[in-house]
Amino acid sequence: MSMFNILGNSLKLSIKELKVNKLRTALSLTGVAFGIFCIIGVLAFVNSIELNIQAQVNSLGSNTIYIDKWDYSGGPNQPFWKMRARPSMKYGEAGLVKSRSELLDDIAFLMQTRGSISHGDDLIQNASVYGIIEAQDVIQPLKFEVGRYFSASEFTQGTNVCLIGYTNAEDLFGSPERAIGKKIEIKGKQATVVGVIKKEGKNFIGWDYDNCIMLPYKFCRQVFQEDNSNPILIAKGKKGVSTDALSSELKGIMRQVRRLSPTQEDNFSLNSVEAFSNSISSFFSVLNVVGSIIGGISLIVGLFSIANIMFVTVKERTPIIGLKKAIGAKSSSILFEFLLEAALLCILGGAFGLLFVYLATLIVSRIANFPVFISLPMLMATIIICLVVGVLAGIIPASRAAKMDPVTAIRS
């Protein structure tokens, strides 16, 4: 009997079993479907969230270090009172660091706070306010829906101009195009809109571009108090410079700039985007393991359910097995037939599990406005898992069927 004949007969028998024993089959497939739903569902959701967050982290800048009085890693070794007592970053420190560094591509000084902006009777509260210098666009290149970046003279003179986010432009003017050239009031001072930043979507980490207003630093410090605006330095290394090398150099330079003696500890923190990204990857790896364990337990239940079906199936087909062996069917053919049937049952259960995951991704993507997807590697992993579970579930019943004596089997 050829392999194709075995495959065709096994498929027909499997379908027949599904139709005849609907309840038994449904209960058995539930374990596999639920196991696949847990494993692939967790992987899909976790990986989608991780990719989104990593993209947001990468938007902070590649090979970039944030110099701040706060340590972004937190933890018991970084007490709040100690961080708060540190001096804030200064505008002049950016120039000093750049002049002494050999590894820097550029360094930016940034003020960041929140405030209300208005145009006529329209008011937006709690908008993100950024006071930036010219180097900001080198480190964090901006994409514009309409308009332009600040000119060199606007930075130098502290001209009262601004960039605003896409959402703010819509809320204040109806459309980004109508915002250009209009005046916005912020804390009693007016600023002319020269550019609208391209829409970014929801962001949980990094820049709040859609809901922001950007001002030239020299104009921003006329509106907000610099030390109370969480000022930071953003340093970007030259191409090919490692984060460790850049961090080591910056640490030495900052200690020189702040005139710290060898016995004094740092009164600043170097926060690497790369280290932050690695921490996120480690965290999500743990979530993947936990989800896989939960799904694995469900799959074990499904494995025993499939094994139970196969034992019953072998019992019911004992006379047929004896007849096949009597007319020349090899033991390996019988073994392959039942292993194939077990694998097909598991693949069917996995297909239902994938269907449930797909429906869940559609619901979450629509409700939470967050893209969740099932990747091709996950689909391949589902097929492999189902085949492995099917073989493990069917190996003992299939072996028992293959070892049957033809005469005894026919008489039973």
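**Salt bridges and a nonpolar patch**

Okay, let's start with a pair: lysine 251 makes a salt bridge with aspartate 266, and their closest N and O atoms sit 3.7 Å apart. By salt bridge I mean a side-chain nitrogen of Lys or Arg within 4 Å of a carboxyl oxygen of Asp or Glu. Lysine 251 is in helix α10 (residues 243-257) and aspartate 266 is in the loop between α10 and β10 (269-272), so this pair ties together parts that are 15 residues apart in sequence.

Quick housekeeping: this is a predicted model, so local features need pLDDT of at least 70 and side-chain atom pairs count only at pLDDT 80 or more, while totals for chains, interfaces and linings use all residues. Numbering runs from 1 along each chain as its sequence is written, and side-chain values use heavy atoms, with hydrogens and water left out. Helices (H or I, at least four residues) and strands (E, at least two) are DSSP runs, numbered from the N terminus.

Back to aspartate 266. What else does aspartate 266 form a salt bridge with? That would be arginine 255, with the closest N and O atoms 2.5 Å apart. Arginine 255 is in helix α10, 11 residues away from aspartate 266 in its loop.

Are aspartate 266 and arginine 255 buried or exposed? Both are buried, meaning under 20% relative accessible area, where exposed is over 50% and partly exposed is in between (1.4 Å probe, protein chains only). Lysine 251, at 39%, counts as partly exposed.

Across the whole structure, the search finds nine salt bridges. Another one of them joins lysine 198 and glutamate 145, at 3.7 Å, N to O. This pair links distant parts of the chain, 53 residues apart: lysine 198 is in the loop between β7 (189-197) and β8 (212-216), and glutamate 145 is in strand β4 (residues 144-147). Lysine 198 is partly exposed at 38%, and glutamate 145 is partly exposed at 31%.

Now the surface. Phe34, Phe37, Phe352, Leu355, Phe356, Tyr358, Leu359 and Leu362 form a nonpolar patch with about 740 Å² of accessible area together. Patch residues have over 30% relative accessible area and no salt bridge; like charges are joined within 9 Å, nonpolar side chains (Val, Leu, Ile, Met, Phe, Trp, Tyr) within 5 Å. Areas are Shrake-Rupley, 1.4 Å probe, and for residues only the protein chains shown count as cover.

Which helix gives the most to the patch? α13, with six residues. Both α2 (22-58) and α13 (331-368) supply at least two. Leucine 355 is in α13, and at 40% it counts as partly exposed.
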